[in-house]
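Please walk me through this structure in plain paragraphs. I have not seen it before and would like to know how its parts are put together.

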Amino acid sequence: MGFKKAMNENNNKVVQGFAEHLVSLRKCLPELVSIMEEGTGFYAFVYLHEEKSQTAMVNITESSSSRLERGLVLRIVAKEKNYESATNQFNETHLKELARALRAKVIREVGDDELMNISYSPLTWQQIQEQDLALEIKQNIPKNASASDWVDFGTAYEQSPAKTDVAGLLTMSKSLKAQVEKVNESVRKKNDWPELASIGAAATQTLICEVFVDRHRNMSQNKIYSSLSASASTSTGKSSSERRGGLAGLEVAMLSAEQIEYVATQPYILENAERLKPGNYQIISSPDVTGVIAHEAFGHTQEGDTCLQGRSIAPGLRSEGTQVGNKHATIVNNPALFKSGDSDYGCNGTHFFDHEGQLAQRQVILDRGMLSEPMTDLLSSIKLKIPRTSNGKRESWLRPTLTRQSNTYFSAGDKTLNELIAMVKGKAYLAIKAHGGMEDPKGANLTAGTSYLEEIVDGKRTGKTFLGPQGGHIELSGYVPALLDGIIAKSKVDADSTKPDSGAEPENLSGGCGKFHKEIVKAGCGGPYVYWDDVTCG
Amino acid sequence: MPNHSDTTVAQNALERDAYYSEVIQKLTELKDQNKNFYGWSASIYRNRSDQRLMNATEDNRLEASTVRDNINETSVSVTLITKNQKNNTMGSFSLVLDPFAELKEQLIQAYGNAQLSHNPPWSLIEPPAEPYDELMMIDPQLLENPSEQTELLCEEASEACRGLDGIKVNYAELFVNQSSSFTQTSTGVKMPMQRSSLYFELALERLPLPNRQEVHNKVKAIDREGLALKEFIGECAEECVALGEVQLPQTQAKATILIHARSAHLIFKALLSRLSADAEHKKRPHCLAGEKIYEGELSSDASPLNLTLDPTIPLMAGSTPYFDAGYKSRAAKVIENGVVLEQIVSQRMADYLDKEVNPICGNLVIDCGSESKKALLSKEDTVIEIIAFSSLLVNPNLLTWSSEIKMAKEINNTTGEVKLLKGGVISGNIAQNISSMILSRETKKISDGYVGPEVVLFRDGVSIAGVN
């Protein structure tokens, strides 16, 4: 199956084009929109999602697989409600029947009196082009684009995904496993450590093609996500893992020597780790842990649908003008994150448009402790009468859209990591490797997990590592406004350099997010190292 | 009672699906033509769902803001298994077939991919001598008219919410799903399956506003009766009315806590990974028959942990006639008095570890204790009853768990004082928990796959970080 290609104007990378095998299906989508809107004031759109992935894994055994998910959603918005139907049977006659049936159902429900009420007026390409859009998006929109133009956005790559196959992914995985084994053998001999129970590696590439069609636009986004990971474990289950990847070709799926050494060594460190005494401590969070805190703090709390339902503390705090953090407390949600840290590619929370066709834009959701308007999906934007943001996302075509985060991160500060460590008077801990988290938008509490802590005393690392009080990971917790008011300092984007930052956004890592336990979507998060005054750790 | 002819019709339709039949035919041909093609399995899966996301009016009637009806999915997936005759290694490749691509090409490529993996050989599973058990796993009313049942459930929930006094309902969600599948293997194993699942969640808070607390609970079931919406909404309301002034818990290295059945289910389920021969083969933490699952010595007044896996209980999520790729599943007591009786062994692990296949799986059935919940709550000077964890995260490898406290009651049995707690971090070590736990005599059945004590008292291996 082929993909159209285009050159990226910024560099010499190639941009993933629209999948040729979906061309005939895409051609019939505008008619489905017309059928759903005909003779009504309804707003309708069609969303097509295709996700294909190939994975190879080597550990004690070897395996490989490929996955395909493809489906189409029909949506009518009427009387401030979403009505949807969805299928993965793409016969044109069947799709038209579904569109007619959905329209008939909505007409029955809203009644004749509401039939001609305008439920929502979508923007035209001309109106969209007046917005402040990222170059990676803007450059793909033709000047005089109209409803009949196919506008395609795509991930820039060096290694063509058309050349990716299971054999190549297996070779990458085997090679990485061998590298970890080699380093492990060397450190084992040097330290007289026992053999690890397992060492493994996995390589994966996912191609995502999404098409959005409404009365003014017919656009696609064609994303490539590539990653390589390694893991190791002792027989008692103390483990380590590292991953590298993002929205790019396989050229970015490569672990550094430092990462390989970490995987090969860290299980032994954890095997000998002490247990933390539960309590409140000063913490310096590493970028991935910082990201989880940003995501769980005023990330979930600033989701429009949660605000609309009366389930978030944020609207009340915002209307009162309450400051919920100090000058360091700035959190950004940015789906248009095409570069971060020293990576010139996005992570899996990055998109060109969301699942309701809203183009990606950067949004500051907490500005030096002051809350902005929330992120929205289409319905919460209509109901709350606030601007749409690019946060209408769904787990898959089988699930509904909700307001969801894309890439959430703290803004950078002005210190190096060493400077942050040197600021510690008495005892503090460096929190390494994010390990999940949970929001409480109503109570403004949060938990963010970290795999382990490294001790710092009087400005120096002691070399001691700590697991949780019961031998597992450690949960960091607290009342969000108090936590955010207790930020002492933040590192620069490049926390190892004494030179000023170049203006890049802080590093974000690919991850996933569930909303109140379910509806898992792709989401990135990150930020600088952050030095926190008082965090509950247990 | 369900109409078996309905389910049989649905399963026959899957087996006779034109595309699926073509897949079987092409797999058979490909296997005949290639000496390294050792075996295959092919599954067809059909799913239908309705979903409602609902907000409440001022009088707590539920109104849908998102209506998703008749969401339909059909897919066919295959696994190809190869055996390299020269070096006696085996490989496999699984894929979801793409109806947009040429079938034969996909299978040939999959065959090639399978040959790239090199593992020690294992045997394929032959059809069992006895027929599989017939299990009731679908709500017959849902099978007959899912849309009508969705509407009825919405009405039932709305009616139950409307009657709630002093409470504001913030959100409700209903998900009604039915799926059917059919799997066939190259050795002649045929495994039809039909299931329904219902999900309801409710978020509500106590009036007057504003509040910083809400109750947010969810319930899952196979059938409408199991969902027991009115009862569930009543329980949520009861919990909501009890909300009040909260405090952070005290930091303590050793706490006594009482957990409810849903949390106990999650925690005890982690033990199963220790019983799996797969863990032994992968050199992960595991227990062999005769080994104890707890740490240290059993306390003299501890309840013994007796755990049975039972795949035969009707309308329970853990029930299934099948184990691995074709064995008849069986029920068995796997832990007695905290000591492992049997390991769970798949065909591949049996071959790798030179063991007998042991096809045990199913719902967790845990023997209850002899004391009442009330007695457990007064067992120590201070007992913390965890009403809700924020997000209970259980690590089956390390047998540890942790969460923020979403809501708890601290009962001081000396002064009679009861405090509401919220926040802080609570963490536990399951192997230590078991050594002195006490199980209630009251039983709770959760259709997610648990039949056991309604509450469990943990006296060791629990710590809390809160205020000093």
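In chain B, β1(B) and β2(B) run antiparallel and are joined by 18 bridges. Strands here are DSSP runs of E with at least two residues, helices are runs of H or I with at least four residues, and both are numbered from the N terminus; two strands pair if DSSP finds at least two bridges between them. Across this pairing, B:Tyr45 stands opposite B:Ser75 in β2(B). The two strands form a hairpin with five residues between them, and B:Asn60 in the turn has a positive phi of about 65 degrees.

This is a predicted model, in which local features need pLDDT of at least 70, side-chain atom pairs count only at pLDDT 80 or more, and totals for chains, interfaces and linings use all residues. Residues are numbered from 1 along each chain as its sequence is written, while chains are lettered from A and ligands numbered from 1 in the order in which they are written.

Strand β1(B), residues 37-56, also pairs with strand β4 (residues 167-185) of chain B, in the antiparallel sense and over 14 bridges. In that pairing B:Arg46 has B:Ser180 of β4(B) as its bridge partner. Of the 20 residues of β1(B), 15 are buried, so the strand is largely enclosed by the rest of the structure. A residue counts as buried if 20 or more other C-beta atoms lie within 10 Å of its own, as exposed if 12 or fewer do, and as partly exposed in between, with C-beta atoms placed from the backbone. In a regular strand, side chains alternate between the two faces of the sheet.

B:Ile446 has B:Tyr450 as its bridge partner in β21(B). Three residues lie between the strands of this hairpin, and B:Gly449 takes a positive phi near 130 degrees.

On the scale of the whole chain, the domain assignment divides chain B into domain 1 (4-241) and domain 2 (246-465); such bounds come from an automatic or database domain assignment. The centres of the two domains, taken over C-alpha atoms, are separated by 26 Å. Their contact takes 23 residues from domain 1 of chain B and 21 residues from domain 2 of chain B, where two residues are in contact if their C-beta atoms, placed from the backbone, lie within 7 Å. On the side of domain 1 of chain B that touches domain 2 of chain B there are 13 nonpolar, five polar and five charged residues. In this count Ala, Val, Leu, Ile, Met, Phe, Trp, Tyr, Cys and Pro are nonpolar, Asp, Glu, Lys and Arg are charged, and the others, Gly among them, are polar.

How do the two chains meet? The contact between them takes 62 residues from chain A and 65 residues from chain B. Among the elements of chain A that each supply at least two residues to this side are α6 (166-191), β19 (427-440) and β26 (530-537). β4(A) gives the most, with eight residues. By class, the side of chain A that touches chain B has 20 nonpolar, 33 polar and nine charged residues. Strand pairing also crosses between the chains: β5(A) and β2(B), residues 62-84 of chain B, pair in the parallel sense over four bridges. There, A:Glu84 stands opposite B:Arg68 in β2(B).

Chain A itself has 13 helices and 26 strands. Its radius of gyration, taken over C-alpha atoms, is 24 Å, close to the 24 Å that the globule rule (2.2 Å times the number of residues to the power 0.38) gives for 538 residues, so chain A is as compact as a globular protein of that length. Of these 538 residues, 58% count as buried. Helix α8 of chain A, residues 287-296, has 10 of its 10 residues buried, so the helix is largely enclosed by the rest of the structure. The buried residues of α8(A) include A:Val289, A:Ile293 and A:His295.

The domain assignment of chain A gives domain 1 (3-53 + 64-135), domain 2 (161-267) and domain 3 (274-537). The C-alpha centres of domain 1 of chain A and domain 2 of chain A lie 34 Å apart, and their contact takes 26 residues from domain 1 and 23 residues from domain 2.
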